[in-house]
Every structure is written in structure tokens, then in C-alpha cells.
Amino acid sequence: MSEHHIAVTINGRLHQATVEGRQVLGDFLRVTAGLTGLHLGCEHGVCGACTIIVDGKAVRACLMLAAQADGTSITTVEGLAAPDGTLHPVQQALRDAHGLQCGFCTPGIVMTLAALMQAPAPATEETLLAAMSGHICRCTGYQGIRRAIRALTARPPGEPA
Amino acid sequence: MKPAPFDYVAPTTIDAACALLAEAGGGALVLAGGQTLMPLLALRMSQPFIVVDINRIDALKGVTRVEGGTRIGPVTRQNDIITDTILAEALPGLVTATQHVGHHQTRDRGTVGGSIAFGEPAAELPAAAVALGATIEARSIRGTRRIAADALYLGPYATALEPDELVTAIHFPDWPAGTITLFREVARRPGDFALVGLIGAFAVTGGRIARVGIAWFGMGPTPIRARQAEAALRGQPAAGLDARGVAALAVADTAPFDDHHATAEYRRTVGERIFSRALAEASVLF
Amino acid sequence: MNAPIGAGRFIGQRLPRTEDARLLTGRGLFTDDVVLAGMLHVAFVRSPIARGRIVSIDAIAAGGLPGVHAILTASDLAVLRIDMLNFFLAVPDIAIGPLASGRVAYVGDPVAMVIAADRYLAEDAAGLVAVEYAEEIPTVTISDAKRTGADPVHAGTESNEAAAMGDPEDDAIEAVLAAAPHLVSASFTHQRISQSPMEARGVVAARRGGELTVYISCQSPQLVARYLAQAFGLPPANIRVIAKDVGGSFGLKSIPWREEVAVIAAGMLLGCPLKWTEDRLENLTASNHAREQELTLRVGFDAEGRMLACHADYGINNGAYPHGADANIAVMMFLWAAYKMPQFSFLARGWYTNTPGLGAYRGPWAIETQVREVLLDMAARQIGIDPIELRRRNLITKADQPCTTPLGIVLEDITPAECLDKLLEAVDVAAFRAEQAAARAQGRHLGLGVAAYIEPTAGSTGIAVLATDVAQIRIEPTGRVTAILSTHSQGHGTQTTMAQVIAETLGVGFDAVSVFEDDSSRGGFGAGASGSRQAVAGGGAAIRASAILVDKVTRIAAHLLNANPAYVRIEDGMVHVAGVAEMTRSLREIAEIAYGEPDRLPPGMEPGLEAQYRYRPPPITFTSAAHACIVEVDTETGFVSIKRWVCAEDCGVMINPAVVEGQIAGGLAQAIGAVLLEDMAYDANGNPTTATYKDYLLPAISDVPDFEYIHASTRSKAEGGFRGVGEGGAIIGPPTLINAIADALSPFGARCLDTPLTPSRILDLIAGRTSAKRHEAAGPAAEKATMPPPPAPPAAPPSPAKAAVDGLWKMVLATPMGPQEMTGRFETDGETLRGRLDSAQGAQDFQGKVSGTHLKWEMKVTKPVSITLKYDIQIDGDKLTGKVKMGFFGTAKVTGVRA
């Protein structure tokens, strides 16, 4: 079994570690880097709870190997709010809209919406809802998530709430 | 659900990758986007000795115009296909098909080559490759060969690729200006594999259908080319098409099966309906 | 008390949730987030076959892998003498162990556990454990279970019947049905469901510091602690169960089950911390499931569509090891509870099979509303009455109450008819019918579905563990409020809603209240989230405990300020005396005195500001609702799209309407999943065919429409006026949607009897084809009809013999709440039988009749409700079998042996 030295920038901080070839990125982030905000809900790419931002793109942490993350820059849900605790607009919108209940799937949803809100193409209600097909929430019936998406796209992205 | 042990290698050149595959003697798997392979590894349904990650081979990425067609590097991400300006013009049908592959998050990582080489019978891109007449360029230390997409698929997840071969490009031929592409997919939820789907390209010149390619997905053990329907359409006047008759012929080539999500009967019935309707809707554009 | 509840500063407000800040920033604490020094990881070796004998287990190669610490089987755990318990915390009537012992009973049955340095290594080793099985033909479906009487799933049982109540036929009711102007009959099936909380099960167990600490994903740390204390025979004080954030449960995690108990046991044996996090493959295939029911109704109506009588025949697949062997009496209790049904009889039976055991799922009795409301629409079509009018003629209205249903439920304040009225103010049925006709003319098929129901919430009778909840509230010396409650959130938001209730009652700011419910060692017993009870039971306890503190603060302030207590008010954390502004003191000042200067308190008063109240809500608090939904069915593809959904719900006083609506919406999404998508399927060999989320389809955002809400808010009799709302959406959602689909498909004469209504099945219905499922059900039955019938029961001994009857008998009564052990003493005197039954509930004498070895007697009991028990017992040698008619609880089996 191969081992690999990797250097990954996570939430702006450089992490170096030696990982087994088979280690899944989600496990690396949760266990080695201690970023337990990332949740593994299905480990086969369907539920979306483990979604993170890798080099600006929303991807599943369960569908990448840790070794593949060498040299990348990763943002997890822990890295979104301002240091003073001010929530990211996506987090604030979900809170205002009662967009979560148990909160297990929520970090993945936050990351998808955050990735799309900062993408070069402007995020619209339609694009955000389409991207939500990649997330399963068992609690809310998606009502508050949809309200949050409407609130986020009702004003130009990037402008404070 | 954790992968079994394997050696991970990430070569940066095609030659290095081919050498690794040759050396592994069938014990290696190629990791492209990983959106299908990673679940199989996690479920231990796939237990390779070596995983050859081709994501660091820059030569396998990108879309370029070549003589008579478009060359797509296999490690081009699906979301990059959707936003590609060359493809928007040359292969709008491929772009539409790619929009239906998985979800935004899986398309950020998932690749064209990975999907085409894996050969899921209910997936969009293998059928698109068959319908649009793509050829797959495969390289090994033994050399390079080109395989027509409709000769690539042998059965569910079984392709004509040898274990030591790496897909190095997918070549899509140009279709004449004004080609109409139809894409229809019926899936349980957005992003799911198709219960039934089809992609068809129709080039009409001088009022006649000069060139046609139609392939089904979710309608049998492989993507299935609707050869009888293609033959019936080729050279025919585009006006006054018998959409129902063509659809019935197109379904005649399929071999759908019952599974948890739908019966074979459902797939045949709905396949014929969606094709017939799509053809009738499209024929006004011909 | 402060301002009346119901229109408060906090109660009734859509406050943002306290929980959300941590959950949105990745700072929650779920079980898998817990890491302890020296912690090892568990993976299970699971049976690949549905039924068979374990011939051998070879763990030598697996045990030799580096990083593997131990591999344990049932015999290793046996030294701990663990008593697995059912949902009622009673010992089940079949033997259930944490790991398979000698036999496997379903695919996924845990056979051995590997303990290794990490989960990867544990799974490596689990794959190397070689288990040899002698495979047997499994019992998979209810119809399998009914016919394989000669070879039951569980050794030592006579049949696969896990529980039974009621009677096959009642002559009086049959006569009414036979003579009814309209007889409407239908047989319905409901597929198996995976509860699928997004966080699967998980546990971390460590024996440290003189106590067993268990982090577990659950519905109540209190209940788990009590379960473990009983199961392991440990003093409760030595067990500490912690569950901070839980990623949904929906009934699945109501009690710790085999894997969690195995991990805790192994941790005790090995003396090191262990973690097991259930992965999705395990969760879908080896966790408890829900539903998988069939229900046949025959209902007689008079010429005007008024109901005359009904017989129901019900079956439920219990799997091999259910959370409680169950024929689901609640299905029968609530089937007609909201309707004027003069006469009703039923037969309800639960069956053991070689599939994962039945667990709870949001609205475990929901099929009653589904089948009733779908059948009412069928009846309306058959009789030729509008379905809404048919409901109006039969629903119990305010004017009909108080009344008692045929099964003995007292109704005082249900409002389904009033909810229906409110619903129809929002949904213009006539306009819809016009739109529907116009659409049909264009070949589009729209449908409107309406359904009504009542839901028992916060029941405090019959199930002992659900009777009461406790609130322990302190106003700290700092003036802040700490509340320790027996509620628990798996997404319910009780840290927010309970703080709203407490802040309102105490007269303090919402932010001044901190609610804790995550640690069994912090507070007293309660069942947490179960039976839609937290607002009612927890909220009631919180109000009463807060009221004690208000009273105490008032008395202290009045004493200190020499004021009349009637003029003392607490508002926004300040204590005021009406009309005397300079007398205002902060709560903190009062609290500092209460704790630190006891000499200044009224004479004899206990220092401090700490209160506790254990609240028992009314026996049942009913929530009512009527929903409507409009769909369009694409008859080319069989796809359903939901255009509109309106809920008119009466859940009493709402603590936080946003939380209420979140509960309704979540239940409705699960209803949509059950009707259109979800199906935990098994093949004929008992292999799961939906082992991943690629095949077990949960509703996505595009499957769930925007819901519209109308709140009726009739105060309940419970403290605070609250009614439960946790399960309702999952109960009323399915028939609302099915009725809409059936309405859309009415031109095709389609009857929607089986769920899920997949596109494939909808096209079958349109084409008038029998669905594949019904085909299957009919096929194998016919095929196996050639099997020899089960042996006839042995004939009763010919002659009466006093010696055969008299004496002491150990008896077990299979009640809906679990088996009840009794000791019976019989004494015959000619044809007269005298005796005494002794159980944990007490002892009672009786007198009855004996004919040979056939005994009959009646006795009245008052617990849990007042009913007459009619015993009918046959003695055969040293064994005793028979049944007890238990009033509206139906009939229960009795077995016994000579003591």
C-alpha cells in the first residue's frame, strides 16, 4: 500500500501530512485535519453532505482521494464565516429562512451555494436550485433552503445581506 | 465503506501512465474524475492493486479543433464541456447531453473520458458518443488505435478497451451546419441515470436527411444505436416524416430489461413515445 | 404567572433557531465527531444470506492482520449476559442477541465484530473472516410468513405470527356489510421504507472514570441510559449517555439496537474506547426498516353515503428482530377515530420474516389514514358523491363532541371538519374542476386530492416510558436561566422552542435561557422525541417548572420590598412592583440574594432558585388536519408533478410557527418519497436490491413543492395549549397525494392500491395492467399451494382432570406493549374455576368455568385503561395456550407452562 506526502491549503492554512493511497479526502479532512463540519452521509457521492470547495469548485469529498488533493486549496464549512463570527451570506440566509433542522446535510449545501455564489457566472435562482439536485435533506422538505436561495438571488451576489 | 488497500500513482505523462498499466498486467484501474470509480472502491466492489490517477496529465485535458472534427481530452471536466465555446458551436448535442450527467458537484470533477470509458448503459455520454459517431483513441505501450464508439460497448460496463489501454482522446466528427440534435431523457429525479433516453442527430441538406445518428441509453446492456431507424431515415425527405413509424423502428433495436426502477415494457413504451414526439417536434425545424 | 400564553413575546414567534449558528459553521458535535484517546474502530462481519445455520467462523487470517485488536462473536459477548429489550423496555418474546448466535436471520445479520486501529483496517479484516453457512430457504414476504408455518423464522415458535389482535370476522358486522346499500372493498399494500436519517446510527463507548460513557446517535439519551442499565444489569448512575447533535432519526434510533449494544458490550469487555459509525450500505440493508404493510378494508355505506360498518384485515412484516413484535394496534385505534363509524371489527397480525427488523418511522400507524382516505375517494366514485361531501357526512364535528369511538377513545376537541372548511376557503374546488375539464380536453391530466385526519400526540397512557417528561430549571446567581429537559432534538429545534416557552413564562429574554438535553447524567428520565410529544409534554413541564420559579421570585421580591405579591411582575429579566418604578430590581439581584444571602429570604424558604416539575400531559392530545394537493400526471411517461399543496392544520398553540411548518414540511416530503420514490426492496432470496442511494431514492428538492399553511390553533387541554405536530405530515401526506393522482387518472378507472406509484406502475394503471408486485404476490402463492398443510393441532385430551388443571402456571401474555409475565393459580371445583393472576401490575382473583381442560374466565382491569379481559385457555399436559380478548385492544395470545 503506497503512502504519499501531501501539502494542502485548507481554509487558508497549509496542512502537510502523509496519507495512504486509499485514504478518502473526506476521511483525511475529518480525522487528520479535524474538520468535522464535513459530514459523510453516504460515501458514494449521492447525498452531498460532504461537499467542499476544491480550487473554487464544489466537489464531493467522498469521491476524491486525499492524495489527489496535494497542492490544492480547499475550503470547508469551517472556513466560511468571518473570524469575528459573522456568518457568510449563504449561512445567514439559511439561518433566516429556517433552512435546516438536524444540520447534518447542511454543511454540504452551504458549500455548494457558496461555490456558486462566488463563481464567475452570476448565480440565479434557477442555477442554485438545479445544483441543489445534488443534495439530499431528509428533514426540511427543502422549504427553507428554497427560501434562502430566493433571498440570496433576489439581490446581486456578493452584496451584504 | 472504505476502499481496500491499493497503490496509488499519479503519472504526469501519457507514456508513464501506459507503462504503469502495462506493468500492472490487468491489476490496475484508471482514476479519472472518480465519480463512478470512487463509490465502487468504497463499496469494495472494485479492488484493484494499483490506481493510476490520470488527473495530473495535462495532455489529456481540453477541447481542440482538429481537421474535420473536435478532439476532446478525456480528463476534460463535464462542467467544462458545458461552458466550452468550441463545443457550443460544434457539438451542441453533446453539451445538452452533458448537462444531464449527474449533478453540478459531480460534473465539477467528473470527466468526459471517464464516463465514456466506463460504459454505464444508462449514461448519457456513451450514447452521445455513439449517436454522434465519435471515435475513441486508445493508447498502450503496444501502440495507438482508434475504436468507433459503436464498436466500443460490449455489455454492461464491458468495453473493447484492453486493461493496458488508456483513452487519450475522443474525436467527434463535424456535423453539417444546421444539424438538429434531439436529446430526451426520462429519469426518476434530476441527475439520476435514465430509465430511458435517446440522442439523435439529423443533418438535413436539400430537404433530405443526409446524415443521421441515433442512440438510446437505458434501453439495453449497452448504449444502443437505432440502426433500422437510421437506415429508414437516411436519404428520405425531411418533410412529412412518419414519426410514429420511425419511433417504432427505433425501439425495435433495443433490448431493455426489468429492474427496480421500471419494467422493460415501460422503457419500450416510453422510448417510443418520447422519440415519436421529439421527432415530430423537431421535424418542423428540418 | 405572566402574560397569557398563546400570544406571547416569544411563544408564537418565528425566532431563528439557537442551534443553527453552530450547525451552519461546522461546529456541531455529532457522534462520529467524537474522538477519544486510544479509541479503536469496529466493523461488522455480516451475513450474506437471509437464513441459515452458522457452521463455522474462521477468524485466524483476519486476526493476524496488523492493526487488528480483536474479533468477537456472540459467544464472546455472552459472558456479559445482555438482555436486549424492545421499544417498551420489556424483554422480547423471541431471543435477540447483539450478534447472531448459531443462526442468521437476514442478509446483514451481524455475525462477528472486528476491532482495529481504524475503520479501513477493520473492514480489511472483516473481509477476511471466513464464515461457513448451511443455507436455508428464507421467509421474505408476509405471504411467505403465512404459509411456512411448519418452519418458522424463530426456533421454538409455532408459527411466524409475531403478534395478533382482533377476530377474523364478526357475525353482526358481516350481516351489516352484507345488507349495506354500498359495499366498498379494497386491499392496499405499502412498501418497506428505510427511515434514512442523513446521519446513520453511530456509537462511541468508553468505560472511564468509574462510569460507562456512551456517545450515541439517538432520540433520547435518558431512554438509552435506562435501556443500557436494564440490558446490562448496571446501576443507572454508572452510565452516562451523551447525544449532542443528532442528524435525524424519524424513529430509527428510538432504542439502541443490536450493533450499538454489541459495540458497548465489546468496549466493556476490552476496556478501551470503541467507535462504530454505521455506513450507508449498513444503514440501508442492515438497520431496522419500517412500514411493509397490507390492509384490506370492507366498508358498508347507506344510500346517502353514511358509513354503517367496517371490517379491516391488517398484516405487517416485522422482519426477524423488530424493535417490538407488533401487530400495530394504533392502526386500528385511529383508523376510524375521526369518523362516525358505528361498528368496526378487525384482525391485525404481525409476521416474522428473514428481513431486517421493523423499527418505528414517523407515524408508525400512518397506513390507517392512507388507506381510509384513499378508500373514501373510491367510495365517493362508486356511490356517486363528491369526495369532500362524503367526508362532511361522516366526519366527527365539534357539535358531535364529546363522544367515544367504538374502540373506546374519548374525543373532546378534534377539528378535522373545521380544518376541511378552512382548507376549502383556500382551495377553490369548483375553479379547479373547470380547469381540470379544460386540461383533459387538451389531453392533460390534472387531479385534486383531499384528505383529513386526526393524530394522537403526546400520549401519556398505555406506554409507560412515554408517560411523563421533566424540566429542571434554575435561575442562576448570574440571573441567567439554565434549563435541563428530558426533551431531545434530532433536528426538532427544542433548544429554541423550549427556551421560547421558558423565557415567556419566566419573563426573561430569550437569549437569557440555555437549554440542555444532551446528557443523561444532567437530568431526569424522559423519552425525548417520540410520539409527537415534545411540545406538549416537554413544553408543559417547562411551563410548570418555570411557574414555580416565578412564584418563588415573586414571594422573595415581595418580602424584600415589602410589597404585595399580587403586584410583582417579572418582565425582560427585571422584577417590577406595579406602580413603584424605584422598587424595580434585576432578576440577578434577587438571584444573588436567593443563593448567597438566605437570611434575607422569607422565613423557612429554601434558598436558591431551582425548580423541577415532572409533567404528565392528558392521556391523548389530538392534532387535526385537512390537506389538499393538485397534481398533473404525464400519461405518456407516468410522471407526477405536484402543482400545489395546501395544509390546514390544527396543532393548537404554536411555540414557533417556523418550526411547526418545518415539521409539517419534513413529514410531507417523506410522504412524497413514500408515494412516488422510496422502496426498500428484497428479491425472493431475501437479498436487498436497493443497497445504495442510487437505488433507494429519497425525495430531491425538485420532488417537493412549496407548501402553503393554514393554522387553526385550537388550544388543547394540555398545559400551554400545545398539540404535537412531529408526525402529521407523514401521516396525511400520502393519501392527499394518492387521491390527487387517482383523481387525475380517474378517466382510466385506475385504483391506486400499491405504493410507490412509480412511473412504471402508473403506466400499468393507465393501461389497466395488474402491477408486477401483485403478480408476484399471486405467483409464488399458487406455486407453493402444493406444500403440505401444517399439521393439525393435537386433539384435546378426552376427559376432564382436576389434576391436569390445578396448580401454579407460569404464563406470558403477548400484549401490544410487549410480553407480560404472570403467575396463574388455578383450582377447579366441578365446573367452577377459581384462580388468581399475579403480575408486575399486581394480583387479582377471578372466577370462571372449566370444561375438561378448557378454561374460561373474565376479569376487569383498570390499568392502563379500564377494560374487561376475557380469557380462553386450553391446557395440554404441562403446556397452556389460549387467548385473551382485551376490549378494543383486540385479542392477545397467552402461553404458559406448569411452574
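The model is predicted, and local features were required to have a pLDDT of at least 70, side-chain atom pairs were counted only at pLDDT 80 or more, and totals for chains, interfaces and linings use all residues. Residues are numbered from 1 along each chain as its sequence is written, while chains are lettered from A and ligands numbered from 1 in the order in which they are written.

Chain A contains five helices and five strands, where helices (H or I, at least four residues) and strands (E, at least two) are DSSP runs numbered from the N terminus. Along the sequence, these elements of chain A follow the pattern β-β-α-β-β-β-α-α-α-α. The radius of gyration of chain A is 16 Å, close to the 15 Å given by the globule rule for 161 residues, so chain A is as compact as a globular protein of that length; the radius is taken over C-alpha atoms, and the rule is 2.2 Å times the number of residues to the power 0.38. The C-alpha trace of chain A spans about 50 × 30 × 30 Å along its principal axes. Of the 161 residues in chain A, 65% are buried (20 or more other C-beta atoms within 10 Å of the residue's own; exposed, 12 or fewer; partly exposed, in between; C-beta atoms placed from the backbone). Among contacts in chain A between residues at least 6 apart in sequence, 62% join residues at least 24 apart, a contact being defined by C-beta atoms, placed from the backbone, that lie within 7 Å.

The contact between chains C and A takes 42 residues from chain C and 43 residues from chain A. On the chain C side, helix H1 (20–24) and helix H18 (657–677) are the elements that give two or more residues. The largest share, six residues, comes from H18(C). By class, this side of chain C has 18 nonpolar, 13 polar and eleven charged residues (nonpolar: Ala, Val, Leu, Ile, Met, Phe, Trp, Tyr, Cys and Pro; charged: Asp, Glu, Lys and Arg; polar: the others, Gly among them).

Chain B is assigned domain 1 (7–53), domain 2 (58–173) and domain 3 (180–283), with bounds from an automatic or database domain assignment. The centres of domains 1 and 2 of chain B, taken over C-alpha atoms, are 18 Å apart. Their contact takes 13 residues from domain 1 and 21 residues from domain 2. Helix H1 (residues 14–24) of chain B gives the most to the domain 1 side, with six residues. That side of domain 1 has eight nonpolar, five polar and no charged residues.

In chain B, three strands form an open sheet in the order S1-S3-S2 with parallel pairing; strands pair if DSSP finds at least two bridges between them. Strand S1 (7–9) and strand S2 (28–31) of chain B are the edge strands, each pairing on one side only. S1(B) pairs with strand S3 (residues 50–53) of chain B over three bridges, and Ile50(B) in S3(B) is the bridge partner of Asp7(B). H1(B) lies across S1, S2 and S3 of chain B, at about 165° to S3(B); axes are lines fitted to C-alpha atoms, for helices over the stretch in contact, and angles run from 0 to 180 degrees between N-to-C directions.

Helix H8 (residues 124–131) of chain B is largely enclosed by the rest of the structure, because eight of its eight residues are buried. Among them are Glu124(B), Leu125(B) and Pro126(B). Just after H8(B), Gly133(B) takes a positive phi of about 75°.

Key:
Two residues are in contact if their C-beta atoms, placed from the backbone, lie within 7 Å.
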